[in-house]
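Student: I would like to go through this model and ask what lies behind the terms used for it.
Tutor: Go ahead; each term will be set against its definition.

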Amino acid sequence: MNSEKITRYILFGSSLFLLILTGGMFYSLVEGSLSSFHVFGWRFLFSSEWDPTQGDQHFGALAFIAGTLFTSVFALIVAIPLAFSTSLIVAEYFRNSWFANVVSTSVDLLAGIPSVIFGLWGFYALRPFIVSIGLSHQGFGIFTAGLVLAIMIVPYATSLSNSIILMVPNELKEAAYSLGATRLEVIWNVILPNARSGIAASYILAFGRALGETMAVTMLIGNANILPKGLFSTGNTMASVIANEFGDATGVHLSALIEIGLLLFIITAIINAIGKLIIKKTA
Amino acid sequence: MNSSTSISKPAGKLAVNFRSRSVKSKLFFSVTLFFALVTIAVVLLIIATLIVKGLRQINLDFFTKVAPDTFQAMMANASGAIIPGGILNGIAGSLYLVAISSIFAIPLGIVIGIYLYENPKNKYADLIRDITDILQGIPSIVVGLIVYLWVVVHVTQSYSVLAGSVALAIMMLPLIIRSTEESLKMVPESLKEAAFALGTPYYKVILRVLIPSAFSGLITGILLALSRVLGETAPLLLTTLGNSAVNWNLSKPVSAVPLLIWQFYNDPNMVNLVWSSSLFLMAFVLILNILSKWIASKKRIQ
Amino acid sequence: MLLTRNTTMINEQKITKEQTILTFDDLSIAYDKDKYAVKNVSAEIQKNAITAIMGPSGCGKTTLLRAINRMHELYPNILTTGKINLYQDNIYEMSTIELRRKIGMVFQRPNPFPTMSIYENVIAGYKLNGIHLKRAERDEIVETTLRDVALWEEVKSALHKKGTFLSGGQQQRLCVARALAFKPDVILLDEPTSALDPISTAKIEDLLVELKKHYTIILVTHNMSQAARISDYSMFMYLGELIEYEDTKTMFTNPKDSRTEGYLTGKFG
């Protein structure tokens with residue numbers, strides 16, 4: 001037996017296994033959603049009624065889709081200035097200094113903190129603060145969950161931006177300085193245009209991460225299966241409703257939760273694909 | 001005095017606004033610095049909170065006793081004593097889960113990584129890379145959902161270690177694949193060629209030359225993947241649920257540190273334990289991270 | 001007019017003030033306290049002339065050039081003593097923005113802004129400084145400047161394309177145009193043709209000779225024959241000191257210092 005051939009088969013086989021694994025994952029989600037889909041059809045996506053009472057079950061994912069989008073968009077909006085500033089400090093203003101090291105290490109630490117610990121901090125530290133300054137009654141809701149989510153995705157947004165900004169050639173910046181530009185003008189007119197798509201891609205990827213986040217959001221969003229009414233309203237996200245209701249769900253209820261999982265799968269896959277596409281284009 | 005022009009200048013548009021532009025630039029810098037400091041402050045706050053609140057609950061029992069039940073905790077709280085027990089079931093469970101999932105994920109991940117390294121340019125390999133990225137992007141709760149359907153329902157008919165391990169393995173896989181491919185790319189071509197020139201069979205080149213040379217990179221990737229999954233809660237909620245005792249049976253549920261944290265959080269009597277277990281988890285994850293970075297920097301010069 | 005320097009004795013000079021545009025006055029520049037890149041340089045630069053600065057690698061010529069538009073300040077830990085005067089004004093007392101409008105710079109490798117079109121590159125200086133010009137004015141500046149660098153005919157139909165399709169020589173001329181758009185008093189060039197092929201080099205050299213009628217040109221070059229070809233005055237620097245400075249013909253035919261002679265005859269550097 002030719003050992004070379006065997007080796008090649010094993011290598012190829014492993015890749016095939018990956019393909020089958022991922023395909024199988026998708027397939028199982030679809031299969032699990034079928035009974036829910038048979039009952040509710042496409043209305044599932046547009047109805048915000050979510051009622052698991054036996055005998056009269058109605059399920060619609062709209063409340064969770066809205067909750068997910070609301071929280072993630074809000075989180076992105078808060079994260080962008082933080083991430084952009086951090087990137088500028090590390091890759092431009094304090095490039096190669098000890099301070100940049102401190103900042104980037106902090107961001108790395110942030111990336112390593114488990115989600116449930118963020119949830120704890122949000123619950124015990126941030127929430128009382130928000131209640132005390134009068135922004136919200138109980139402190140639960142899109143706002144609190146969104147803030148914690150924002151901090152969680154900052155590392156994802158910065159890591160790529162840092163390298164993109166570092167790659168802007170020095171000579172372009174020097175040319176701009178030699179024409180009399182201030183530092184801000186160099187950042188705005190030279191660094192940004194050259195780093196624009198890479199930075200956009202990193203924010204898109206961070207957004208994709210935010211969409212799927214479960215624990216911290218579950219602990220802070222209030223778990224109300226309603227369409228969120230405003231920034232401080234409580235609500236629920238797709239990921240957190242699965243986590244919350246999974247334990248007791250059977251039958252159509254379970255199938256509805258799986259269908260939500262399928263939705264999450266598809267949405268995050270698309271967002272991540274868009275982000276990666278932008279990166280490929282700029283390379 | 002000389003006139004300062006020898007040629008005509010563009011009509012008076014050279015606005016004398018140096019001052020305002022400089023001010024704007026400095027202002028922008030201050031705002032940027034502020035936001036960066038905010039980010040650092042949050043990190044420090046979180047870590048400080050964990051240390052301050054968690055340290056007092058950590059003692060030898062912490063590592064050697066299982067989690068107390070809610071009654072014991074209530075009694076302790078009433079009398080102002082430290083809650084008895086520890087998180088042994090969680091620690092043992094986490095280690096068990098991670099060990100089993102490593103058995104699945106590490107060999108498979110490395111082999112796929114080698115495949116990708118050997119096929120840098122063809123379309124099928126690119127597809128596999130894209131699939132790896134998709135896998136990495138799947139939210140952890142969805143992974144848990146799928147593994148529930150596969151293992152809990154069909155294989156073990158109960159929440160189990162096996163299910164939890166499979167879920168964690170799926171999450172480790174893309175990280176290991178990526179880091180394997182990247183580490184192999186850094187091994188100089190000449191080493192590989194020299195081995196082949198000596199008539200070494202393919203599989204030996206891989207085992208005896210490529211992997212050892214890329215070893216530190218591989219270890220780094222594995223440690224990072226481990227540190228990532230040790231902190232995961234969501235997929236475990238759906239696959240292994242938790243256990244009040246230490247359990248070594250693959251087809252029965254087991255606890256894990258993040259699961260315990262979640263349990264403590266949900267039980268008003270156990271709330272104080274939340275901080276010590278979080279501190280432990282954070283410290284463990286951090287140490288793994290630092291270890292992997294240290295290894296990465298050490299072996300860089302060869 | 002002749003200016004001769006003898007570095008063993010500092011500051012003997014014959015100056016004709018009307019022709020001097022830039023003065024170095026005992027200028028020293030150090031990185032990190034003790035490492036001097038430029039030591040006690042004093043000289044006058046003539047207006048409407050091409051002055052070449054030459055010397056072996058590490059002699060401080062680039063640092064000296066960059067000190068003129070204070071670009072060396074972009075890097076931390078720089079200590080500067082002495083002064084540079086543009087006409088009668090000490091450049092260290094001006095704002096850098098104002099200074100850099102009067103002094104333009106062209107770099108070693110052509111560096112047009114890749115995200116801007118050719119048109120936008122030429123008037124990039126205005127845009128960066130936030131100066132709004134009327135369309136007609138902008139068009140005029142772009143056309144005149146591109147004509148001045150002999151690039152107009154070649155690009156006039158592609159003004160709104162990005163400059164990356166241009167050849168190296170054309171890109172460099174575009175960079176010269178960009179530096180010229182402000183009609184600066186002085187143009188600094190840091191080895192501007194070292195990355196170009198001989199034909200493009202010749203075109204740039206011709207351009208510089210044309211431009212000196214209206215501008216003052218200071219040129220750092222590694223290429224002695226280039227200095228010999230186009231410069232009116234030459235400076236020779238070695239280990240941070242200004243060794244010799246006089247009109248080019250004299251320096252090349254009858255150098256006063258043995259180190260100058262050594263460099264020019266290829267014994268070192």
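Tutor: Two strands pair if DSSP finds at least two bridges between them. Keep in mind that this is a predicted model.

Student: What makes strand 3 and strand 9 of chain C a pair?

Tutor: Strand 3 (residues 50-54) and strand 9 of chain C are joined over four bridges, in the parallel sense. The definition asks for at least two bridges, so they pair. One residue to look at is M54(C), whose bridge partner in strand 9 of chain C is F236(C).

Student: How many bridges join strand 9 of chain C to strand 10 of chain C?

Tutor: Six, with strand 9 and strand 10 (residues 241-247) of chain C running antiparallel. Y233(C) is found opposite D247(C) of strand 10 of chain C. The hairpin made by strands 9 and 10 of chain C has two residues between the strands, and L239(C) takes a positive phi near 50° there.

Student: Why is strand 9 of chain C called largely enclosed by the rest of the structure?

Tutor: A residue is buried if 20 or more other C-beta atoms lie within 10 Å of its own. In strand 9 (residues 233-238) of chain C, six of the six residues are buried, so the strand is largely enclosed by the rest of the structure. Both faces take part: Y233(C), M235(C) and M237(C) point one way, S234(C), F236(C) and Y238(C) point the other way, and all are buried.

Student: How many residues of chain C are in contact with chain A?

Tutor: 18 residues of chain C, against 16 residues of chain A. Helix 2 (96-102) and helix 4 (124-128) of chain C each supply at least two residues of that side of chain C. Helix 4 of chain C gives the largest share, four residues. By class, the side of chain C that touches chain A has nine nonpolar, five polar and four charged residues.

How values were computed
Residues are numbered from 1 along each chain as its sequence is written. Chains are lettered from A and ligands numbered from 1 in the order in which they are written. This is a predicted model: local features need pLDDT of at least 70, side-chain atom pairs count only at pLDDT 80 or more; totals for chains, interfaces and linings use all residues. Two residues are in contact if their C-beta atoms, placed from the backbone, lie within 7 Å. Ala, Val, Leu, Ile, Met, Phe, Trp, Tyr, Cys and Pro count as nonpolar, Asp, Glu, Lys and Arg as charged, and the others, Gly among them, as polar. A residue is buried if 20 or more other C-beta atoms lie within 10 Å of its own, exposed if 12 or fewer, and partly exposed in between; C-beta atoms are placed from the backbone.
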